[in-house]
Every structure is written in structure tokens, then in C-alpha cells.
Amino acid sequence: MSGPIMATPVIEPVSAEPVAVSDPHFLRLAWGSLKSNPVAFVSVVIVLVLAIVAVFAPLLAPHNPLHAYPDGLTAKGAPISPGHRGFLLGTDPNGRDILSRLIFGARVSLLVGVVATGLASLIGVAVGTVAGYMGGIVDSVLMRFTDVVLSFPLLLFCIALIAVTGPSTRNVVLVIAFGYWTYLARIVRGLVLSLKEREFVTAAKTLGTPDITILRRHILPHLMPAIIVYGTLGIASSIMIEASLSYLGIGVPLPQASWGQMISQGQQYFQTAPWLLIIPGVCLIVCVLAFNLAGDWLTDLLDPVQRATGERGA
Amino acid sequence: MSPAPLATAPAPGAPAVEVSDLKVHFTQRRGLRGTRITKAVDGVSFTLARGETLGVAGESGSGKSTIARALVQIHRPTSGAMTVGGTNAVALKGSALRAYRRRMQMVYQDPYDSLDPRMNVLKAIGEGLSVRGVARAEHRAQATELLERVNLPASLLTRFPAQLSGGQRQRVSIARALAVKPEVIVCDEAVAALDVSIRAQILNLLKDIQADSQISYLFISHDLSTLRFLADRVAIMYLGRIVEYGTSAEVFDAPQHPYTKALIAAIPEVTTGRHGPRPALAGEPPDPAQPPSGCPFHPRCPIAQDQCRTVVPQLRLKTTGQLAACHLAPDRADDPTQAKSIQGAAR
């Protein structure tokens, strides 16, 4: 499961309007706005680099991430600090190369983050839009179900589901997506409730535009900023949930590496070997920040009002 | 979407819209205290001929916007009949409802909210064209024509609403409504949010369009001077009912209902040079969920008498030619209606 991991899958399913992402015009536009926005530029580069690292992990990793090297530990059995004995970022308490684990961990973490959030967004937007737009009994049923899922503490919910389904990367993704869509469903429903009272939606209805077209052309484009902001935050949260699950031993199965699991392991050795915690921690922070800022930039890019006038559309 | 043929055109002279005894009630649940029924529109009848403008006036809460929204089926009427071009318009669903909506378009009050901020002018007008089944390839050409018709340059096609002035937006709204080729356009306070100079331009534009294409307007406004300029006939509403109904000349030159008189007195230009005391309108309109007994206007009426507090006045043909619901205005002796039916008499 090491498919193409990129920044875009989160938004692709819902971004048909107003400009298709595949449109060459869009790419030119994106390049133009990146050139004038250094923060976005750096963020997008980081996201792309992470994606490349994740996809080409086997080619980039200097060592086998799973192998406990005999010279990976000192005579006393302590981990090697960064830069020694050919281990660029040092080793972990099992004598495994941290850099290699980090590179392979990016695969797992990004996969979990992006795919789980993408799935959660799809479900959340679908449920929230239908509930908000249709109202009445459909709204009540969907929202009560959402409330039920929402009323469980997310982590506990995931633990319970994993206990039933058994730990595997696929199950971790599914479980996080299934626990996480509720937040977006709530947000989207609220937005749709207010959007459908806007006069331009009424106007579209009185024109005789079919509901499905109204949803696609008038409602979804206005949801995009919220979806992107939530999505980029969700990537961070999903990575953290995966870390917590791994910490409890029910995340991505050992000995496979993930950033969250490296952080939880490193935590135990913080006083003697701080790099064990700091290195994956910094990676996580940079990754999350990059996704967030890139998401911001994408929001602006997809807003035709801002492109035309420089001010953000409602 | 294929261009479905419109229903057969109504015979010339037949009313474009016929509404009889229309009621729109809103039910509000209040937990254990039962329900509260607000009679926003309570038994309204009128007809609108092809190429004619009917003005509807009244204070906020008089139900004038509810009539507009019932006509375009945003609110479902509680009871009553509406026919448009001879087709019954009540209880339509699905594609029949969409086909109905094409015959009846609406221009809204707020030019800032009635256009999608994320759609440029071409797309906004194109939405109307798509509904009529115009192929996408022809959108640009037809939208340009429509813009020309509302006196806007084709260069605005790629602009977004945020780049347009209020007057321009309202013209785009009108162009979008015209894109569907409707028989009737409902204008709900369509010029209320505009500057006075722009307002005159839009009103002239509406008149020109009507002269060209025999469109009927139902023009809703709280501003009587606008109606006097535009409307052929006028209906004055109070608390969900029509209290006075007649030609523009009848209603403005010889108002019979004290409420109409008070509204007209509130327009400075109209009262200039008028003699006699100006009836002052005190107080607020009553709660439509709990209307007063008798004439709903009696608590605020300067000339109310005993019978006004107990007997509900019906619309009657008055000596001056219009219909009014007031006990104290003299009835015409040979009133052919004498009953509630006003459709025939109003024509």
C-alpha cells in the first residue's frame, strides 16, 4: 500500500468547480501564485519532497529500517548518537538506523494521514451536505447517527474498533476515517444550512436549476475553504491518532516504523538519547505545518473571487 | 437537458396569473404550549394580465413578500388556487415544478446576495440558459445579447459580482431572469436597495422590457412612488389581506381605505398641496398570529367606529371604482360583486 501520496488527493474528489485541477490553465495559475508567495512555495516543496520520499523510500533509505545492526549500539548497549559510525541520524535502542526508519515511517504516516483524512472528508461532506440540504427526517437520522459516533472519545472508539478488526495499516486508516468524518459532517451541515438560505441559492431554485446542480455549483464551491482547512488539520490529527494507537501497540504492526511510534518510543529515552524524540517530532511538526500552509494557499487559489479582485469570496 | 416545449401559449387577453383565495400560514411549534399559526397571507385574490404590472404595497409583515415567494413556490400555499397561463400551479413536484418555475421568475431585493459571489456574470446568466436547454457553446453569444438588453457591455461577462456596482448587479439579476424567457417576473423590492438615480434607470429598463416582450410584473414594494410610476394596478396589503385594490389612478387619486390614505400621506411629493388633515398612522402592525377582532386595521384607524371592532369588512366595489375593505367608504350602489369574488370586478 504505497500508492501515490501527494498533497492533492484530499481535495480532488470535490474540486470539480470552479477550475478543474487537471486543467493546464490551473497549473499555470498555480505556478504564478507560488512564485509570488514564498511561504506557500516552501510548504508545497516540503509536501512534494515528503511525497517523493514516501514513494521512493526503498531507494532513498541508506540502511534496512528493520534490521538491528550489531554496530548500531555502543559497548554498553546504548543507541548511537547522530553522525557516528555511518548512522547519519543515529540509531534507536534496538540498533536500527533512525534515518531509514524515518524515511519508511514517512510512508506510513503520510498514508494514514492523507488517506484517512481524505476518506473522512468524503464521508463527512456527503453526510453533512445531504443532511443540511434535505433537512427534515433525513437530517435528524443522519445527525443523530453522527452524534452517536461523535459521543465516543475518538481514541477509545479507534481502540475498540481495532480490537475487533485487528491491527494492520489498512485497518488503522479505516478506523481513523470512520471516527473522524463526524467533525466535518457537523461543520459542513452548519455551513449548508446557512448557505441554502442565501438568496443566490433561492434564485437558482426559482430558475428551475435541479437540486444536484445547485449542490455542485452553488454549495460545494463555498464549502471548499472549510474542507481544505479541516483536511489539512485532519492530516495532523490522523498522524497523531496513529501514533497513539502505535504507542498502545495496536497501530501499524511492529516492527514497521511510523513517526508516531518512533515518537512514543523515543519519549522513554528522552533524558539519555533526546534525538530519538526530537528527530521524528520535528519531522511531524514540519509536515503538519507544511500541509496547513499549503492548504491555505490552495484555498485562496480555488477562490475565483480572490483571483479576480484580491478579496476573499463569501 | 433538452428544451422542453412550453405549454401552449394562453389565448390573448387571458390573465397570465390568476390567484384566488390564496392562504399561506406558517405553523410554529411551541413545545407544550401548543402551536402558533401565523397567517402571513390570508385569502388573497388577484389577476395579472399579460404585459401588465400589478403593484403590491404594504408595511413589513403585511405578507407582500410571502405572496411573491408563494408564487415562485419557495413557500407552499396552505390553500387556494394559483394558475399561470391557465396551468394549475399548486402541488407541483419534480420536473413539473421546474417547468413551472421557468414561466415565473423573480428578481430579488438584495443585489449583493442574489448573485453567487463565486460565479462570474457569464456563469450566472448561463445558469438560466442551461435551465432553458441552451447548449453551452451558445451561452456566451446569448448572454451577450441579454446583457445588451439590460444595457450592460459584454465586457462584464467575465466579472464577478464583487466587481460590479449595485445597479449593475440588479441588471445582471434581471438578465438572468430573462434568460429563462419567463411570462411573469416577480420583483420583490427589486429597487429598494438602490440609489434613487439608479432606481429610476432600473424602473425604466423594466418598462422597456415589458413594452418589448409583453412580460407581466408583480412588483412588490413598500415605496408607493415607485408603484405609482410603474404599476397599472395596485393592491394594498395589511396583515395578510388585500385592503384596497384598483387601478393606479383610482388608488392614488382617491384612496378609500384609511390605511391607503395613511401610506399615501407618508409620501411627501404626493401630499404636496393637499388640503385637510393628514391621517397619522400610529403604532405597529398587530401580530399576524393574533389579529384583532373585526377590521384588522381598527386599532390604528383614525376613524374607527363600533362596527369596525366587531365586523370584518369585505372587499367591496366603492363609488370611486376600486375595491376596498372598509365599512366607512361608501359602496357603489350597483355593485355587481357584492360578494367575496373579486376576480371579475377587478378587471
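**A walk through a two-chain model**

Let's start in the middle: the largest nonpolar core has 166 residues, and A:I176, B:V184, B:V186, B:L218 and B:I236 have the most contacts inside it. A nonpolar core here is a set of buried Ala, Val, Leu, Ile, Met, Phe, Trp, Tyr and Cys residues joined through C-beta atoms within 7 Å. Buried means that 20 or more other C-beta atoms lie within 10 Å of a residue's own, with C-beta atoms placed from the backbone. Helix α4 of chain A (residues 98–134) gives this core its largest share, 17 residues. Domain 1 (15–231) and domain 2 (236–346) of chain B both contribute residues too, so the core lies between them.

A quick note on what you're looking at. This is a predicted model, where local features need pLDDT of at least 70 and side-chain atom pairs count only at pLDDT 80 or more, while totals for chains, interfaces and linings use all residues. Residues are numbered from 1 along each chain as its sequence is written, and chains are lettered from A and ligands numbered from 1 in the order in which they are written.

Now find the sheet in chain B. Four strands line up as β2-β1-β4-β5, forming an open sheet with antiparallel pairing. (Strands are DSSP runs of E, at least two residues; helices are runs of H or I, at least four; both are numbered from the N terminus. Two strands pair if DSSP finds at least two bridges between them.) β2 (35–49) and β5 (87–88) of chain B are at the edges with a single partner strand each, so one side of each has no neighbour in the sheet. Helix α1 of chain B (residues 64–71) packs on this sheet and touches β1 (15–29), β2 and β4 of chain B.

What does B:V186 touch, leaving aside residues up to four places away in sequence? Its contacts are B:A68, B:L71, B:V72, B:M104, B:M106 and B:L218. A contact means that two C-beta atoms, placed from the backbone, lie within 7 Å.

Next, the two domains of chain B, whose bounds come from an automatic or database domain assignment. Their C-alpha centres lie 27 Å apart. Where they meet, domain 1 of chain B supplies 25 residues and domain 2 of chain B supplies 20. On the domain 1 side, β2(B) gives the most, with 12 residues.

Finally, the chains themselves: 22 residues of chain A are in contact with 22 residues of chain B. On the chain A side, α8(A) gives the most, 7 residues.

Conventions. Axes are lines fitted to C-alpha atoms, for helices over the stretch in contact, and angles run from 0 to 180 degrees between N-to-C directions. A residue is buried if 20 or more other C-beta atoms lie within 10 Å of its own, exposed if 12 or fewer, and partly exposed in between; C-beta atoms are placed from the backbone.
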